[in-house]
Amino acid sequence: MKIFRGFKHPGLAPECAVTIGNFDGVHRGHQAMLALLSAEAAQRGIPTCVLTFEPHPRDFFAEKFKKPELAPARVGTLRDKLSQLKLCGVDQVVVLPFNATLASQSPEAFIQDVLVQGLGAQYILVGDDFRFGAQRAGDYAMLDAAGQRQGFDVARMNSYEVHGERVSSTTVRAALAAGDMAAAAQMLGHPYTISGHVVHGRKLGRQLAESAPGASDGFRTLNLRFNHWKPAASGIFAVLVHGLDAQPLRGVANLGIRPSLDPNDVNGGRVLLETHCLDWPAALGGEGAYGKIIRVELLHKLHDELKYDSLAALTAGIAQDCDDARAFFATYTETRRQTTRDRI
(Lines give C-alpha, C1' and ligand atoms only; values in the text may rest on other atoms or scores of the structure.)
Protein backbone atom coordinates (compact mmCIF):
# COMPACT_ATOMS: atom_id res chain seq x y z
CA MET A 1 0.00 0.00 0.00
CA LYS A 2 1.35 3.42 -0.98
CA ILE A 3 0.87 6.36 1.39
CA PHE A 4 0.98 9.99 0.27
CA ARG A 5 0.81 13.27 2.18
CA GLY A 6 -1.29 15.37 -0.16
CA PHE A 7 -1.98 14.55 -3.80
CA LYS A 8 0.85 16.33 -5.64
CA HIS A 9 3.11 13.31 -6.05
CA PRO A 10 4.36 11.60 -9.24
CA GLY A 11 3.83 8.18 -7.64
CA LEU A 12 0.06 8.60 -7.45
CA ALA A 13 -1.95 6.44 -9.85
CA PRO A 14 -3.31 8.56 -12.73
CA GLU A 15 -6.80 7.10 -12.22
CA CYS A 16 -8.43 5.45 -9.23
CA ALA A 17 -11.59 4.39 -7.42
CA VAL A 18 -11.78 6.54 -4.32
CA THR A 19 -13.68 6.72 -1.07
CA ILE A 20 -13.50 9.67 1.29
CA GLY A 21 -13.67 9.88 5.07
CA ASN A 22 -11.88 9.96 8.40
CA PHE A 23 -11.99 6.16 8.85
CA ASP A 24 -11.39 6.42 12.59
CA GLY A 25 -11.16 2.84 13.83
CA VAL A 26 -11.70 1.28 10.36
CA HIS A 27 -14.74 -0.55 11.76
CA ARG A 28 -16.92 -3.14 10.02
CA GLY A 29 -18.91 -0.46 8.21
CA HIS A 30 -15.69 0.92 6.79
CA GLN A 31 -14.55 -2.59 5.92
CA ALA A 32 -17.77 -3.28 4.00
CA MET A 33 -17.33 -0.02 2.08
CA LEU A 34 -13.73 -0.87 1.22
CA ALA A 35 -14.76 -4.33 0.00
CA LEU A 36 -17.30 -2.73 -2.35
CA LEU A 37 -14.70 -0.19 -3.48
CA SER A 38 -12.26 -3.01 -4.30
CA ALA A 39 -14.89 -4.87 -6.34
CA GLU A 40 -15.75 -1.77 -8.36
CA ALA A 41 -12.07 -0.92 -8.90
CA ALA A 42 -11.35 -4.46 -10.11
CA GLN A 43 -14.14 -4.22 -12.69
CA ARG A 44 -12.61 -1.02 -14.03
CA GLY A 45 -9.00 -2.17 -13.84
CA ILE A 46 -7.93 0.72 -11.61
CA PRO A 47 -6.44 0.88 -8.08
CA THR A 48 -8.34 1.75 -4.92
CA CYS A 49 -7.65 4.96 -3.04
CA VAL A 50 -8.71 6.18 0.40
CA LEU A 51 -8.75 9.95 0.86
CA THR A 52 -8.56 10.76 4.56
CA PHE A 53 -7.76 13.80 6.67
CA GLU A 54 -5.29 14.64 9.41
CA PRO A 55 -6.10 16.22 11.75
CA HIS A 56 -9.75 15.23 11.98
CA PRO A 57 -11.80 18.21 10.68
CA ARG A 58 -13.52 18.53 14.05
CA ASP A 59 -10.09 18.73 15.72
CA PHE A 60 -9.28 21.65 13.45
CA PHE A 61 -12.47 23.52 14.33
CA ALA A 62 -12.08 22.72 18.04
CA GLU A 63 -8.68 24.41 17.95
CA LYS A 64 -9.87 27.28 15.77
CA PHE A 65 -12.79 28.18 18.04
CA LYS A 66 -11.00 27.20 21.29
CA LYS A 67 -13.72 24.68 22.06
CA PRO A 68 -12.04 21.35 22.90
CA GLU A 69 -15.44 19.74 23.43
CA LEU A 70 -15.94 19.87 19.64
CA ALA A 71 -13.08 17.42 19.09
CA PRO A 72 -14.15 13.78 18.89
CA ALA A 73 -12.44 11.19 21.03
CA ARG A 74 -10.01 9.30 18.82
CA VAL A 75 -10.47 5.56 18.34
CA GLY A 76 -7.12 4.98 16.65
CA THR A 77 -3.87 6.68 15.81
CA LEU A 78 -2.87 7.41 12.22
CA ARG A 79 -0.50 4.42 12.37
CA ASP A 80 -3.33 2.08 13.34
CA LYS A 81 -5.66 3.52 10.72
CA LEU A 82 -3.08 2.95 7.99
CA SER A 83 -2.34 -0.57 9.23
CA GLN A 84 -6.03 -1.49 9.10
CA LEU A 85 -6.47 0.05 5.65
CA LYS A 86 -3.57 -2.04 4.41
CA LEU A 87 -5.19 -5.19 5.82
CA CYS A 88 -8.34 -4.25 3.87
CA GLY A 89 -6.35 -4.36 0.63
CA VAL A 90 -6.32 -0.64 -0.15
CA ASP A 91 -3.82 0.24 -2.89
CA GLN A 92 -3.07 3.84 -1.96
CA VAL A 93 -3.96 6.29 0.81
CA VAL A 94 -3.83 10.05 0.46
CA VAL A 95 -3.62 11.84 3.82
CA LEU A 96 -4.81 15.38 3.19
CA PRO A 97 -3.84 18.01 5.79
CA PHE A 98 -7.04 19.60 7.05
CA ASN A 99 -6.22 23.28 7.40
CA ALA A 100 -7.82 26.68 6.88
CA THR A 101 -7.38 26.48 3.10
CA LEU A 102 -9.18 23.15 2.83
CA ALA A 103 -11.85 24.21 5.33
CA SER A 104 -12.74 27.23 3.17
CA GLN A 105 -12.67 25.40 -0.16
CA SER A 106 -16.01 25.33 -1.95
CA PRO A 107 -17.58 21.94 -2.75
CA GLU A 108 -17.19 22.64 -6.48
CA ALA A 109 -13.49 23.43 -6.06
CA PHE A 110 -12.98 20.29 -3.95
CA ILE A 111 -14.50 18.15 -6.69
CA GLN A 112 -12.42 19.74 -9.45
CA ASP A 113 -9.09 20.36 -7.70
CA VAL A 114 -8.89 17.33 -5.41
CA LEU A 115 -11.03 14.54 -6.86
CA VAL A 116 -10.77 15.15 -10.61
CA GLN A 117 -7.40 16.81 -11.19
CA GLY A 118 -5.61 15.66 -8.02
CA LEU A 119 -6.69 12.02 -7.83
CA GLY A 120 -8.07 11.23 -11.28
CA ALA A 121 -11.18 9.72 -9.71
CA GLN A 122 -13.15 7.48 -12.05
CA TYR A 123 -15.42 6.03 -9.36
CA ILE A 124 -16.31 7.67 -6.03
CA LEU A 125 -17.98 5.80 -3.18
CA VAL A 126 -19.34 7.71 -0.18
CA GLY A 127 -21.45 7.01 2.88
CA ASP A 128 -25.11 7.92 3.20
CA ASP A 129 -24.31 10.92 5.43
CA PHE A 130 -21.43 12.29 3.36
CA ARG A 131 -20.96 16.07 3.30
CA PHE A 132 -18.00 18.07 2.03
CA GLY A 133 -16.67 21.52 1.24
CA ALA A 134 -16.92 24.80 3.12
CA GLN A 135 -19.86 24.88 5.53
CA ARG A 136 -20.45 21.20 4.60
CA ALA A 137 -22.46 22.54 1.68
CA GLY A 138 -21.63 19.68 -0.68
CA ASP A 139 -23.67 16.47 -0.63
CA TYR A 140 -24.23 13.29 -2.62
CA ALA A 141 -26.60 14.94 -5.10
CA MET A 142 -24.04 17.64 -5.95
CA LEU A 143 -21.27 15.05 -6.34
CA ASP A 144 -23.45 12.81 -8.51
CA ALA A 145 -24.43 15.73 -10.77
CA ALA A 146 -20.76 16.63 -11.20
CA GLY A 147 -20.00 13.02 -12.09
CA GLN A 148 -22.65 12.99 -14.79
CA ARG A 149 -21.20 16.17 -16.30
CA GLN A 150 -17.54 15.16 -16.11
CA GLY A 151 -17.69 11.42 -16.69
CA PHE A 152 -16.98 9.77 -13.33
CA ASP A 153 -19.28 7.39 -11.48
CA VAL A 154 -20.65 8.12 -8.01
CA ALA A 155 -22.23 5.61 -5.63
CA ARG A 156 -23.58 5.79 -2.09
CA MET A 157 -23.49 3.03 0.51
CA ASN A 158 -26.17 2.71 3.15
CA SER A 159 -25.41 2.35 6.84
CA TYR A 160 -23.92 -0.92 8.05
CA GLU A 161 -25.74 -2.54 10.97
CA VAL A 162 -24.91 -5.26 13.48
CA HIS A 163 -27.90 -6.68 15.38
CA GLY A 164 -29.98 -3.72 14.25
CA GLU A 165 -27.51 -1.08 15.46
CA ARG A 166 -25.74 1.23 13.02
CA VAL A 167 -21.98 0.75 13.15
CA SER A 168 -20.11 4.04 13.10
CA SER A 169 -17.04 5.61 14.65
CA THR A 170 -19.43 7.31 17.07
CA THR A 171 -20.89 4.02 18.32
CA VAL A 172 -17.40 2.53 18.62
CA ARG A 173 -16.31 5.55 20.68
CA ALA A 174 -19.36 5.14 22.93
CA ALA A 175 -18.56 1.46 23.56
CA LEU A 176 -14.93 2.26 24.38
CA ALA A 177 -15.92 5.13 26.67
CA ALA A 178 -18.23 2.74 28.54
CA GLY A 179 -15.48 0.14 28.81
CA ASP A 180 -17.54 -2.35 26.81
CA MET A 181 -14.62 -3.94 24.99
CA ALA A 182 -16.73 -6.85 23.72
CA ALA A 183 -19.16 -4.49 21.99
CA ALA A 184 -16.27 -2.48 20.53
CA ALA A 185 -14.63 -5.66 19.22
CA GLN A 186 -17.90 -6.74 17.61
CA MET A 187 -18.17 -3.44 15.74
CA LEU A 188 -14.49 -3.37 14.81
CA GLY A 189 -14.39 -7.01 13.76
CA HIS A 190 -11.40 -7.64 16.06
CA PRO A 191 -10.23 -6.69 19.57
CA TYR A 192 -9.50 -3.01 20.07
CA THR A 193 -5.80 -2.55 19.34
CA ILE A 194 -3.14 0.14 19.74
CA SER A 195 0.30 -0.22 18.17
CA GLY A 196 3.54 1.72 18.03
CA HIS A 197 7.21 1.91 18.95
CA VAL A 198 8.16 1.21 22.55
CA VAL A 199 9.53 4.47 24.01
CA HIS A 200 11.47 5.33 27.15
CA GLY A 201 9.71 6.54 30.28
CA ARG A 202 10.84 7.41 33.80
CA LYS A 203 11.57 3.72 34.46
CA LEU A 204 9.78 4.08 37.78
CA GLY A 205 7.69 0.94 37.40
CA ARG A 206 10.70 -1.36 37.39
CA GLN A 207 11.69 0.05 40.78
CA LEU A 208 8.31 -0.75 42.33
CA ALA A 209 8.18 -4.19 43.96
CA GLU A 210 11.67 -5.08 42.66
CA SER A 211 13.05 -8.36 43.99
CA ALA A 212 16.12 -6.65 45.50
CA PRO A 213 17.44 -3.07 45.68
CA GLY A 214 18.74 -2.12 42.26
CA ALA A 215 17.33 -5.21 40.54
CA SER A 216 14.95 -3.11 38.40
CA ASP A 217 12.71 -6.13 37.86
CA GLY A 218 9.49 -4.83 39.38
CA PHE A 219 6.58 -3.63 37.26
CA ARG A 220 8.58 -3.03 34.08
CA THR A 221 6.34 -1.40 31.43
CA LEU A 222 6.21 -1.11 27.66
CA ASN A 223 5.29 2.49 26.82
CA LEU A 224 3.47 3.51 23.63
CA ARG A 225 2.48 7.08 22.87
CA PHE A 226 -1.11 7.62 21.79
CA ASN A 227 -0.64 10.65 19.55
CA HIS A 228 -3.90 12.36 20.35
CA TRP A 229 -4.90 14.12 23.54
CA LYS A 230 -8.37 12.57 23.69
CA PRO A 231 -8.39 8.75 23.37
CA ALA A 232 -11.78 7.06 23.11
CA ALA A 233 -10.80 4.54 25.79
CA SER A 234 -9.03 5.11 29.08
CA GLY A 235 -8.33 3.19 32.26
CA ILE A 236 -6.75 -0.10 33.27
CA PHE A 237 -7.09 -3.13 31.00
CA ALA A 238 -6.19 -6.79 30.68
CA VAL A 239 -4.28 -6.99 27.41
CA LEU A 240 -2.39 -9.22 25.01
CA VAL A 241 0.93 -7.98 23.60
CA HIS A 242 2.05 -9.05 20.12
CA GLY A 243 5.49 -8.54 18.63
CA LEU A 244 7.90 -9.44 21.43
CA ASP A 245 7.63 -13.21 21.51
CA ALA A 246 6.38 -16.06 19.36
CA GLN A 247 3.20 -16.14 21.43
CA PRO A 248 1.08 -13.19 22.63
CA LEU A 249 2.08 -12.05 26.11
CA ARG A 250 -0.55 -11.49 28.78
CA GLY A 251 -0.42 -8.16 30.52
CA VAL A 252 -2.12 -5.32 32.34
CA ALA A 253 -2.08 -1.83 30.86
CA ASN A 254 -2.85 1.76 31.77
CA LEU A 255 -4.16 3.99 28.98
CA GLY A 256 -4.28 7.62 30.01
CA ILE A 257 -2.31 10.39 31.68
CA ARG A 258 -1.06 8.59 34.83
CA PRO A 259 -2.55 10.91 37.51
CA SER A 260 -0.39 9.46 40.29
CA LEU A 261 2.89 10.52 38.67
CA ASP A 262 4.74 13.81 38.35
CA PRO A 263 3.30 15.71 35.35
CA ASN A 264 6.83 16.98 34.63
CA ASP A 265 8.24 13.52 33.89
CA VAL A 266 9.74 12.64 30.49
CA ASN A 267 6.29 11.84 29.05
CA GLY A 268 4.40 14.43 31.08
CA GLY A 269 1.23 15.65 29.43
CA ARG A 270 1.20 12.84 26.87
CA VAL A 271 -1.35 10.08 26.68
CA LEU A 272 0.51 6.80 27.11
CA LEU A 273 -0.39 3.14 26.94
CA GLU A 274 1.81 1.59 29.62
CA THR A 275 1.76 -2.22 29.60
CA HIS A 276 3.23 -4.55 32.20
CA CYS A 277 3.68 -8.09 30.91
CA LEU A 278 2.70 -10.64 33.55
CA ASP A 279 5.53 -12.90 32.34
CA TRP A 280 8.45 -10.93 30.93
CA PRO A 281 10.44 -12.75 28.19
CA ALA A 282 13.90 -13.42 29.63
CA ALA A 283 15.45 -13.16 26.17
CA LEU A 284 14.61 -9.45 26.01
CA GLY A 285 16.61 -8.55 29.08
CA GLY A 286 15.88 -5.26 30.77
CA GLU A 287 16.26 -3.00 27.74
CA GLY A 288 15.47 -5.24 24.77
CA ALA A 289 12.00 -3.92 23.97
CA TYR A 290 12.86 -0.27 23.30
CA GLY A 291 12.32 0.76 19.69
CA LYS A 292 10.36 -2.37 18.78
CA ILE A 293 6.93 -2.06 17.20
CA ILE A 294 4.33 -3.89 19.27
CA ARG A 295 0.58 -4.33 19.02
CA VAL A 296 -1.50 -4.32 22.21
CA GLU A 297 -5.03 -5.77 22.27
CA LEU A 298 -7.22 -4.26 25.01
CA LEU A 299 -9.51 -7.14 25.91
CA HIS A 300 -11.18 -6.25 29.20
CA LYS A 301 -11.42 -3.06 31.26
CA LEU A 302 -10.62 -3.53 34.93
CA HIS A 303 -11.37 0.01 36.15
CA ASP A 304 -10.85 3.71 35.45
CA GLU A 305 -7.54 5.40 36.18
CA LEU A 306 -7.02 6.03 39.88
CA LYS A 307 -4.88 8.61 41.67
CA TYR A 308 -2.81 7.04 44.46
CA ASP A 309 -1.44 9.20 47.26
CA SER A 310 1.89 7.36 47.64
CA LEU A 311 4.24 5.01 45.81
CA ALA A 312 3.33 2.30 48.30
CA ALA A 313 -0.35 2.67 47.45
CA LEU A 314 0.50 2.71 43.73
CA THR A 315 2.53 -0.49 44.13
CA ALA A 316 -0.34 -2.21 45.93
CA GLY A 317 -2.79 -1.01 43.28
CA ILE A 318 -0.67 -2.36 40.42
CA ALA A 319 -0.26 -5.68 42.21
CA GLN A 320 -4.05 -5.95 42.58
CA ASP A 321 -4.50 -5.11 38.90
CA CYS A 322 -2.08 -7.90 37.99
CA ASP A 323 -4.06 -10.36 40.12
CA ASP A 324 -7.31 -9.23 38.51
CA ALA A 325 -5.80 -9.55 35.03
CA ARG A 326 -4.63 -13.09 35.81
CA ALA A 327 -8.13 -13.96 36.98
CA PHE A 328 -9.56 -12.58 33.74
CA PHE A 329 -7.12 -14.57 31.62
CA ALA A 330 -7.96 -17.77 33.49
CA THR A 331 -11.58 -17.33 32.41
CA TYR A 332 -10.63 -15.98 28.96
CA THR A 333 -8.37 -18.95 28.24
CA GLU A 334 -10.98 -21.47 29.34
CA THR A 335 -13.65 -19.72 27.23
CA ARG A 336 -11.43 -19.92 24.17
CA ARG A 337 -10.74 -23.60 24.82
CA GLN A 338 -14.46 -24.30 25.13
CA THR A 339 -15.13 -22.41 21.89
CA THR A 340 -12.48 -24.48 20.13
CA ARG A 341 -13.99 -27.73 21.45
CA ASP A 342 -17.46 -26.63 20.32
CA ARG A 343 -16.18 -25.93 16.80
CA ILE A 344 -14.56 -29.36 16.63
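Helices (H or I, at least four residues) and strands (E, at least two) are DSSP runs, numbered from the N terminus. Residues are numbered from 1 along each chain as its sequence is written. The model is predicted: local features need pLDDT of at least 70, side-chain atom pairs count only at pLDDT 80 or more, and totals for chains, interfaces and linings use all residues, while side-chain values use heavy atoms, with hydrogens and water left out.

**Aromatic pairs**

A pair of aromatic rings is described by the distance of the centres and the angle of the planes. Rings of Phe, Tyr and Trp (its six-membered ring) pair if their centres lie within 6.5 Å; planes under 30 degrees apart count as stacked, over 60 as edge-to-face and the rest as tilted. By this rule the count comes to 10 aromatic pairs. One of them joins Phe 53 and Phe 98 edge-to-face, at 6.2 Å centre to centre with 90° between the planes. Because Phe 53 belongs to strand β3 (residues 48-54) and Phe 98 to the loop between β4 (92-97) and α4 (100-103), this pair ties together parts that are 45 residues apart in sequence. Both Phe 53 and Phe 98 are buried (under 20% relative accessible area, with exposed over 50% and partly exposed in between; 1.4 Å probe, protein chains only). Ring pairs link Phe 53 and Phe 98 with Phe 60, Phe 61 and Phe 65 into a cluster.

Phe 328 and Tyr 332 form a stacked pair, because their ring centres are 5.4 Å apart and their planes stand at 25°. The two residues are 4 apart in helix α9 (residues 311-343), so about one helical turn separates Phe 328 from Tyr 332. Phe 328 counts as buried at 17% relative accessibility, whereas Tyr 332 is partly exposed with a relative accessible area of 22%.

**Charges over rings**

A charge sits over a ring if NZ of Lys or CZ of Arg is within 6 Å of the ring centre and within 35 degrees of the ring normal.

| Charged residue | Ring | Distance from ring centre |
|---|---|---|
| Arg 156 | Tyr 140 | 4.0 Å |
| Arg 220 | Trp 280 | 4.8 Å |

**Strand β13**

In strand β13 (residues 272-277), 6 of 6 residues are buried. Leu 272, Glu 274 and His 276 are buried on one side, and Leu 273, Thr 275 and Cys 277 on the other. Two strands pair if DSSP finds at least two bridges between them. Strand β10 (residues 222-225) runs antiparallel to β13 and is joined to it by 4 bridges, with Leu 224 opposite Leu 273. Strand β12 (residues 249-256) is also antiparallel to β13, through 6 bridges, and Asn 254 has Glu 274 as its bridge partner.
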